[in-house]
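Visitor: Please show me the model, and then let us go through it by question and answer.

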There are 2 protein chains.
Amino acid sequence: MFELDMKSRKAISDQIIENMKELIVSGVLKPDDRIPSVRELAGQLLVNPNTVAKAYRILEAQGYIFTVKGRGTFVADTQSMPVDSRELKEAETHIRDSINKLYYLGISKERAKEIIDKIVEERGDWK
Amino acid sequence: MFELDMKSRKAISDQIIENMKELIVSGVLKPDDRIPSVRELAGQLLVNPNTVAKAYRILEAQGYIFTVKGRGTFVADTQSMPVDSRELKEAETHIRDSINKLYYLGISKERAKEIIDKIVEERGDWK
DNA sequence: ACAGTGTACTATGTGTAGTAGTACACTTGT
DNA sequence: ACAAGTGTACTACTACACATAGTACACTGT
């Protein structure tokens, strides 16, 4: 399904969340598709089932998946999902911090815009 | 000099580092200006001297300040400082993560560009 | 000599992430 | 009815980073 970077400083649960969001939003996983069970994905990734369960819990709270007791976990319909203003605000704060880092490095505004635009365009499938 | 947000999830040492970079890069603190001693700043911010010392240690490693034993810590000349490619790469990764978050929220590329541009332009003094 | 400086070290407490193990209610297929 | 698989909810333990507390040392300027 995907792989983890155990050398990363990022939390394993966060990596699972990001990879799942990628698959869901990009359309690899369609609405109502079933995703691996907590125990199954934990087995694939060689991590503890509790860690996967934590990731699923957060993904469900954010509306990306939904669970049916005893049956499994499924992909939600992200198309009809309104943009969560709280998450958007958090994302904007992250971007502001990132841009500040470029500023602190002494990079010019024009150069910074080039760098950012390059990264945006890396997503050929976007929009 | 500046204030800390004790309710923030950001580490105190990281907040000190960011605030110092802001003052140095924006030109409030000029090269060879002396910055408060470890004990003095710790007293102002009501944190432990070790925490300030850690922040200063990192700032020196990144080239923003330099220390003279027994005399104090001073602002380095960031103008003549070459852009550290390792730090630049880290910043780019950070930006990529942030932009992905916008993508996961289902925001269009055009909308994302507007949001980013607005944040960049918040820095009226840049370049 | 003295006060102030950065630096280094140990010890302690706290919070978070992750692992390990167990238990329970539910659904499906037999 | 039964077994297997599902999500969920606990507790306990380890590991790590952060911050605090206290002490000590070498250096500088007066």
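Visitor: How many salt bridges does the rule find across the interface of chain B and chain A?

Guide: This is a predicted model, in which local features need pLDDT of at least 70 and side-chain atom pairs count only at pLDDT 80 or more, while totals for chains, interfaces and linings use all residues; side-chain values use heavy atoms, with hydrogens and water left out. Residues are numbered from 1 along each chain as its sequence is written, and chains are lettered from A and ligands numbered from 1 in the order in which they are written. A salt bridge is a side-chain nitrogen of Lys or Arg within 4 Å of a carboxyl oxygen of Asp or Glu. Asp117(A) and Lys113(B) form such a bridge, at 3.8 Å from N to O, and across the interface of chain B and chain A the rule finds ten.

Visitor: Which element gives the most to the side of chain B that touches chain A?

Guide: Helices (H or I, at least four residues) and strands (E, at least two) are DSSP runs, numbered from the N terminus. On the side of chain B that touches chain A, the elements giving two or more residues are α1, α4 (85-104) and α5 (109-121) of chain B. The one that gives the most, with 15 residues, is α4(B).

Visitor: What is the area buried between chain B and chain A?

Guide: Contact means heavy atoms within 4.5 Å, and here it takes 42 residues from chain B and 42 residues from chain A. Buried area is the accessible area (1.4 Å probe) that two parts lose on being put together, summed over both. Carbon and sulfur atoms give 65% of it, and the area is about 4,600 Å².

Visitor: Which residues in chain B lose the most area to chain A?

Guide: Three residues together account for 19% of what the chain B side buries. They are Tyr103(B), Tyr104(B) and Trp126(B).

Visitor: How many residues surround DNA strand D?

Guide: A residue is near a strand if one of its heavy atoms lies within 4 Å of it. The closest are Val38(A), Ala11(B), Ile12(B), Asn50(B) and Thr51(B). The number that surround DNA strand D is 23.
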